[in-house]
Amino acid sequence: MPANIQQQLFKDRETATLFERALQHGLDYLQTANEREVYPSEAALQQLEEFAEDFPSQSTPATAVVDTLHQYGSPATVTVSGGRYFGFVNGSYVPAGLAAKLIGDFWDQNTAMQVLSPIAARLETVVEGWLADIFGLPSTTVTGFVSGSSMANFCALAAARYRLLAKQNWDVNQRGLWGAPAIRVVTGKQAHSTVKKSLALLGIGLEQVEWVPVDEQGRILVDALPALDSRTLLILQAGEVNSGAFDHFSELCKRARAADAWVHIDGAFGLWAAAAKEFNYLTKGIELAHSWAADGHKTLNTPYDCGLVMCVDQEALVSSLHMGGSYLVLSEQGRDSMFYTPEMSRRARVVEVWATLKNLGRQGLDEMVSNLCYRAQQFATEIGQVAGFTVLNDVVFNQVIVRCGSDELTDAVIAEIQAQRTCWVGGSVWEGRKVIRISVCSWLTTAEDISRAVASFSSALSVCEKVVIK
Ligand SMILES: *Cc1c(COP(=O)(O)O)cnc(C)c1O
């Protein structure tokens with residue numbers, strides 16, 4: 001061991017060996033990703049014990065550090081970067097996005113201000129324009145590059161809160177919520193839990209929310225919408241997290257506009273329907289909203305973590321996220337990114353968004369999004385032909401929900417599918433009953449992957465039918 005750590009670190013930095021070794025481990029991982037069991041084996045999980053040590057007093061050579069990570073870490077990963085992970089809503093990554101991220105990692109840019117990273121500021125400005133184009137939003141829409149749709153929803157709802165209170169001559173930044181005039185929140189009963197979390201974090205809470213009944217797909221019933229007014233925040237959804245259903249944006253947004261209410265659309269994975277000619281009927285009318293949340297790391301298949309908050313009311317977004325600054329920043333050339341996100345220091349995740357979009361282009365993006373939907377349709381068709389499974393939703397986008405004969409059997413089948421490790425799916429509850437949720441979100445998923453998953457469902461059902469007494 002050399003005399004001091006700085007010498008050692010210089011050496012690590014200057015010899016390519018360490019980085020080449022890490023890259024080789026990554027490439028080994030990538031090459032086996034599609035054939036590896038989707039969930040780690042029991043043995044691999046056991047081996048995680050290797051990490052359970054007290055903080056070491058001595059340094060460990062850098063090559064040994066990355067070797068350990070690969071040896072015991074790689075086998076214990078969930079293979080979301082393959083074609084048969086259908087849990088939650090989890091994208092893989094487009095190769096160019098990951099490659100660009102690697103370069104960005106070497107840059108190690110802090111995007112807080114333009115002066116800290118001219119390249120990040122420029123890419124954010126460029127991608128902001130591309131996103132408005134892709135989603136068909138007003139050209140004045142601004143974008144913050146956040147960690148995911150949780151944060152995107154939070155930022156957008158903060159902007160809405162700012163605006164709805166400012167309209168009532170109340171500066172929420174200065175005066176807080178104590179004694180503030182009331183604002184109303186109207187949303188569907190199937191709003192995503194991160195919307196609820198954001199309302200809680202923003203001090204609005206859930207008790208005041210006016211929950212609108214939804215139809216059998218989870219869409220807000222237009223006729224059940226209460227009368228809106230200029231103090232109202234209406235929260236809609238592009239892609240219900242189980243069924244993938246989209247609210248009726250044109251009609252709902254029209255009513256909100258007429259009442260001067262604020263409309264936010266949680267479009268974590270579904271907003272990307274706008275990029276596909278065959279599916280963009282689903283997002284018709286979204287351009288009438290005021291703010292939107294979308295993920296990079298789901299449908300767009302950028303690496304984790306990556307979310308987008310878009311807002312047509314720049315002043316509201318920037319005012320609600322600003323820190324110590326003033327409106328002066330808005331009149332400067334270029335962009336100081338910290339005014340568009342809650343964080344000050346932040347990595348340049350725009351690099352991956354830019355690279356992914358540049359790599360795909362309009363046609364490629366359309367094809368990639370459409371393919372997810374085609375594979376979901378294929379899954380629904382094939383599983384529908386297996387006796388014992390019932391598809392419960394209209395498969396309009398990338399989500400399929402399926403049920404077996406009883407809740408008990410459905411639970412057992414989920415556990416058996418997970419144990420088989422050919423694919424991974426999770427459970428949920430739909431209209432009071434246990435269901436299996438299939439989310440096709442990886443560009444890698446082929447027709448064969450779907451058939452293999454269906455075969456696993458089928459064999460899991462045979463196993464479970466013998467055990468579970470109905
Ligand atoms: C995934 C999801 C979220 C949360 O997004 P994260 O990227 O996980 O933070 C919000 N809303 C919907 C509809 C989602 O599917």
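Glutamate 352 is buried, because its relative accessible area is 1%, which falls under the 20% cut-off. This residue belongs to a predicted model, and glutamate 352 forms a salt bridge with arginine 347, in which the closest N and O atoms are 3.1 Å apart. Arginine 347, by contrast, is partly exposed, with a relative accessible area of 27%. The points below turn to other salt bridges, then to aromatic rings, and finally to a hairpin.

**Salt bridges**

- A search of the whole structure finds 23 salt bridges, and among them is the one that joins aspartate 229 to arginine 184, with 3.1 Å between the closest N and O atoms.
- That pair links distant parts of the chain, since aspartate 229 lies in the loop between strand S3 (210-212) and strand S4 (232-237), while arginine 184 lies in strand S2 (residues 184-188), 45 residues apart.
- Aspartate 229 is partly exposed at a relative accessible area of 22%, whereas arginine 184 is buried at 14%.
- The side chain of aspartate 229 also meets that of arginine 231 in a salt bridge, with 3.1 Å from N to O, and arginine 231 is partly exposed, having a relative accessible area of 29%.
- Elsewhere, a network of salt bridges links Glu124, Glu128, Arg335 and Arg346.

**Aromatic pairs**

- Ten aromatic pairs are found when the whole structure is searched, and one of them brings together phenylalanine 269 and phenylalanine 397, whose ring centres are 6.3 Å apart and whose planes meet at 25 degrees, so the pair is stacked.
- The two residues of this pair are 128 residues apart and link distant parts of the chain, with phenylalanine 269 in the loop between strand S5 (262-266) and strand S6 (291-295), and phenylalanine 397 in the loop between strand S8 (390-391) and strand S9 (399-403).
- Phenylalanine 269 is buried, with a relative accessible area of 2%, and phenylalanine 397 also counts as buried, at 1% relative accessibility.
- Another pair consists of phenylalanine 279 and tyrosine 374, whose ring centres lie 6.0 Å apart with planes at 55 degrees, so the pair is tilted.
- Here too distant parts of the chain are linked, because phenylalanine 279 sits in the loop between S5 and S6 and tyrosine 374 sits in helix H12 (residues 350-384), 95 residues apart.
- The partners of this tilted pair are set apart by their accessibility, as phenylalanine 279 is buried at 3%, while tyrosine 374 counts as partly exposed at 29%.
- Ring pairs also join Tyr39, Tyr85, Phe88 and Trp424 into a cluster.

**Charges over rings**

- The charged end of arginine 175 sits over the ring of tryptophan 170, at 3.8 Å from the ring's centre.
- Arginine 335, which is one of the residues in the salt-bridge network with Glu124, Glu128 and Arg346, has its charged end over the ring of tyrosine 340, 4.3 Å from the centre of that ring.

**A strand hairpin**

- Strand S10 (residues 426-430) and strand S11 (residues 433-439) run antiparallel and are joined by five bridges, and the bridge partner in S11 of glycine 426 is arginine 437.
- Two residues lie between the strands of this hairpin, in which glutamate 431 takes a positive phi near 50 degrees.

Conventions
Residues numbered from 1 in each chain as written. Predicted model: local features only at pLDDT ≥ 70, side-chain atom pairs only at ≥ 80, totals over all residues. Heavy atoms only, no water. Pairing = 2+ DSSP bridges. Helix = DSSP H or I, 4+ residues; strand = E, 2+ residues; numbered from the N terminus. Phe/Tyr/Trp six-rings, centres within 6.5 Å; stacked < 30°, edge-to-face > 60°. Buried < 20%, exposed > 50% of the residue type's maximum accessible area, 1.4 Å probe, protein only. Lys NZ or Arg CZ within 6 Å of the ring centre and 35° of its normal. Salt bridge = Lys/Arg side-chain N within 4 Å of Asp/Glu carboxyl O.
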